[in-house]
Amino acid sequence: MEKRALVLGGGGVTGVAWEIGLLYGLAERGLDLTTADLFVGTSAGSVVAAELTGATPLDKLYARELTDTSGDTSAVVGTRVLLGFVLAALWPGGRTRGRARLGRAALRARTVPESERRTAIAARVRRDDWPAARLLVPAVDALTGAVEIFDRDSGVSLIDAVAASCAVPLVWPPMTVGGRRYVDGGVRSAANVDLARDYDRVVVVAPIDVAARRADRPSAQARRLGPAVRTAVVTPDAAARAAIGRNALAPSRRAPAAEAGRAQAAAVAERVRRVWQ
């Protein structure tokens, strides 16, 4: 029997909203991607994956995006943060060293307390136990640059894993899990599509399809899964990009981003259907 994977990429609170809107729009057209055998959630995608595999129906998740404008309005993904991601990918000493350099900078940065950030993640995820479905949540060790793939066998709570994967360096604090500090899983890759390499049908929902190296883009990673793997990569269209705006962490853009994702589903449904069904 063929195995299906849903890969959910990072993209801030607006990325969460757009992904949920898109998935809800696809469900309205008979495409229920919550039946995946594997979920890969990176950064914002880890929040969506945790919500999708929980007990809350997709229509209620979508309704929440339309009505909830909570979030830290002071948080902005600025040029310094983006430059840090680029340097981590292109650092001449190797990618692991580049990730470690960015992670150590994050350890020195002044941000909110870890406890405050964990509380914010817990308010979104609303569950601390891992789902029955297989879920992979990548994060990066802030000191060493090593990649950690959390799952239900890692011995850590789901909220801790998601908080680590969402710890945007220089914006949010590196999160402590099992005595180590971790930064955003997007420091490795915007979507970590390669984690679905053992699956036959892979749908990638990626708010961000850019990378310092062209080969690291989610769409390029999907192509490298091989000719035997059927893939569909969905990224925001022009209308969705306009709705999302320039600050991925702006809570005021959650509703427009969700609505744009739902509307975009009409244009991508058949392409996704050919892969998923």
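Axes are lines fitted to C-alpha atoms, for helices over the stretch in contact, and the angles between their N-to-C directions run from 0 to 180 degrees. The structure described here is a predicted model. Two packed helices are described by the angle between their axes and the distance between the axes. For α2 and α7, the axes come within 7 Å and cross at roughly 155°. Angles over 145 degrees count as roughly antiparallel, and α2 is therefore roughly antiparallel to α7. The crossing of α2 past α7 is left-handed. On the α2 side, the contact is formed by Ser46, Val47 and Ala50, while α7 contributes Leu158, Val162 and Ser165.

How many of the nine residues of α2 are buried? Nine of nine are, and the helix is accordingly described as mostly covered. The buried residues run through Ala44, Gly45, Ser46, Val47, Val48, Ala49, Ala50, Glu51 and Leu52.

## Helix α2 and its packing against α1

Helix α2 also meets helix α1, which comprises residues 12–28. The axes of α1 and α2 come within 8 Å and cross at roughly 40°. These two helices are therefore oblique to each other, and α1 passes α2 in a right-handed crossing. From α1, the residues that make the contact are Gly12, Val16, Glu19, Ile20 and Leu23. Their counterparts in α2 are Ala44, Gly45, Val47, Val48, Glu51 and Leu52.

In an unreviewed entry, UniProt lists residues 6–26 and 75–94 under "transmembrane region". In the model, the span 6–26 is 71% helix and 14% strand, and its end C-alpha atoms lie 13 Å apart.

## Salt bridges between helices

Side chains of opposite charge can pair when their charged atoms come close. A search of the whole structure finds 17 salt bridges. One of them joins the side chains of Glu65 and Arg124, with an N to O distance of 2.6 Å. This pair links distant parts of the chain: Glu65 belongs to helix α3 (residues 58–67) and Arg124 to helix α6 (residues 114–125), 59 residues apart. Both Glu65 and Arg124 are buried.

A further salt bridge brings together the side chains of Arg118 and Asp160, with an N to O distance of 2.6 Å. Arg118 lies in helix α6 and Asp160 in helix α7 (residues 158–165), so the pair ties together parts that are 42 residues apart in sequence. Arg118 is partly exposed, with a relative accessible area of 28%.

Where do Arg273 and Glu270 lie? Both are in helix α10 (residues 254–276), three residues apart, which is about one turn of the helix. Arg273 is partly exposed at a relative accessible area of 22%, and Glu270 is partly exposed at 47%.

Other salt bridges share partners, and in this way Glu51, Arg64, Glu65, Asp68, Arg124 and Arg254 are joined into one network. Glu51 is located in helix α2 (residues 44–52). Buried means under 20% relative accessible area, so Glu51, at 4%, counts as buried. Leaving out residues up to four places away in sequence, Glu51 touches Val16, Ile20, Thr56, Leu61, Arg64 and Arg124.

## Residues in loops

Ser43 is buried, with a relative accessible area of 9%.

Asp209 is found in the loop between β7 (201–205) and α8 (218–223). This residue is buried, with a relative accessible area of 13%. Apart from its neighbours within four places in sequence, Asp209 is in contact with Arg217, Pro218, Ser219 and Thr235. The C-alpha atoms of Asp209 and Gly10 are separated by 9.7 Å, although the two residues are 199 residues apart along the chain.

Key
Residues numbered from 1 in each chain as written. Predicted model: local features only at pLDDT ≥ 70, side-chain atom pairs only at ≥ 80, totals over all residues. Heavy atoms only, no water. UniProt positions renumbered as here; feature names shortened; annotations may be inferred. Helix = DSSP H or I, 4+ residues; strand = E, 2+ residues; numbered from the N terminus. Salt bridge = Lys/Arg side-chain N within 4 Å of Asp/Glu carboxyl O. Buried < 20%, exposed > 50% of the residue type's maximum accessible area, 1.4 Å probe, protein only. Contact = heavy atoms within 4.5 Å. Parallel < 35°, antiparallel > 145°, perpendicular 65-115°, else oblique. Left-handed = near helix turned anticlockwise from the far one by under 90°.
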